[in-house]
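Here is a briefing on the structure shown below.

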Amino acid sequence: RSRRATPPAAPPPSAQPQPETEPAPAPPPKPKAPVLPPGMARCKHYGCQKDYEMSSNGPKACVFHPMPPVFHDGGKRWQCCNQSRWDFDDFIAVPGCETSAHEPME
């Protein structure tokens, strides 16, 4: 009679499986204000975004849209004044519906 060798025992499973950890993706970078000459700034309002002299900014200097645009199925619409266009150049040409001072990008 031959003795059968017993196979070696498998190591006990660890109490908690080790998850494969990957570093979390970095958040997208915040848009930076453009580098402009001293005394100049770029407006952050939708539909404006013009470069302006800070010394000439006044309460009626900026004509803009207070709400962001909506792009859907090829159409473009300003939510605030409900103006819709299919052509991008026509859409950009829609005048703003509010007036105030420019606000610089941060």
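**A hairpin to start from**

In this predicted model, S5 and S6 form a hairpin with 4 residues between them. Asn 82 in that turn has a positive phi of about 55°. Helices (H or I, at least four residues) and strands (E, at least two) are DSSP runs, numbered from the N terminus.

Residues are numbered from 1 along each chain as its sequence is written.

**Overall make-up**

- The protein chain has 1 helix and 7 strands.
- From the N terminus on, the order is β-β-β-β-β-β-α-β.
- Of the 106 residues in the protein chain, 14% are buried. Buried means under 20% relative accessible area, exposed over 50%, and partly exposed in between (1.4 Å probe, protein chains only).
- The protein chain exposes about 9100 Å². Carbon and sulfur atoms supply 56% of that area. Accessible areas come from the Shrake-Rupley method with a 1.4 Å probe; for residues, only the protein chains shown count as cover.
- Take the contacts between residues at least 6 apart in sequence: 44% of them join residues at least 24 apart. Contact means heavy atoms within 4.5 Å.

**The open sheet**

- An open sheet holds 3 strands in the order S4-S5-S6, with antiparallel pairing. Two strands pair if DSSP finds at least two bridges between them.
- Its edge strands are S4 (69-72) and S6 (83-85), and each pairs on one side only.
- Neighbouring strands of this sheet are turned by 20° against each other on average, direction ignored. The axes are lines fitted to C-alpha atoms, for helices over the stretch in contact, and angles run from 0 to 180 degrees between N-to-C directions.
- In general, strands of a sheet pair through backbone hydrogen bonds, either parallel or antiparallel.
- S4 and S5 (residues 75-78) pair in the antiparallel sense over 4 bridges. His 72 stands opposite Gly 75 in S5, and Pro 69 has Trp 78 as its bridge partner there.
- S4 and S5 also form a hairpin, with 2 residues between them. Asp 73 in this turn has a positive phi of about 50°.
- S5 and S6 pair in the antiparallel sense over 3 bridges. Arg 77 has Ser 84 in S6 as its bridge partner.

**Trp 78**

- Trp 78 lies in strand S5. Trp 78 is buried because its relative accessible area is 4%.
- Leaving aside neighbours within four places in sequence, Trp 78 contacts Tyr 46, Gly 47, His 65, Met 67, Pro 68, Pro 69, Gln 83, Phe 91 and Val 94.
- Gly 47 is 31 residues from Trp 78 along the chain, and their C-alpha atoms are separated by 9.4 Å.

- Cys 62 is found in strand S3 (residues 62-64). At 0% relative accessibility, Cys 62 counts as buried.
- Not counting residues up to four places away in sequence, Cys 62 touches Cys 43, His 45, Cys 48, Glu 98, Thr 99, Ser 100, Ala 101 and His 102.
- Cys 62 and Cys 48 are 14 residues apart along the chain, with their C-alpha atoms separated by 7.0 Å.
- The largest nonpolar core has 6 residues: Ala 41, Cys 43, Cys 48, Tyr 52, Cys 62 and Phe 64. A nonpolar core is a set of buried Ala, Val, Leu, Ile, Met, Phe, Trp, Tyr and Cys residues joined through side-chain atoms within 4.5 Å.
- In soluble globular proteins, nonpolar side chains tend to be buried together.

**Salt bridges**

- The whole structure has 2 salt bridges. A salt bridge is a side-chain nitrogen of Lys or Arg within 4 Å of a carboxyl oxygen of Asp or Glu.
- Asp 51 forms one with Arg 42, and their closest N and O atoms are 2.6 Å apart. Asp 51 is partly exposed at 37% relative accessibility, and Arg 42 is partly exposed at 27%.
- Glu 103 and Lys 44 meet in a salt bridge at 3.6 Å, N to O. Glu 103 lies in the segment after strand S7 (98-100) and Lys 44 in the loop between strand S1 (40-42) and strand S2 (51-53), so the pair ties together parts that are 59 residues apart in sequence.
- Glu 103 is partly exposed, with a relative accessible area of 37%. Lys 44 is partly exposed at 38% relative accessibility.

Notes: This is a predicted model: local features need pLDDT of at least 70, side-chain atom pairs count only at pLDDT 80 or more; totals for chains, interfaces and linings use all residues. Side-chain values use heavy atoms; hydrogens and water are left out.
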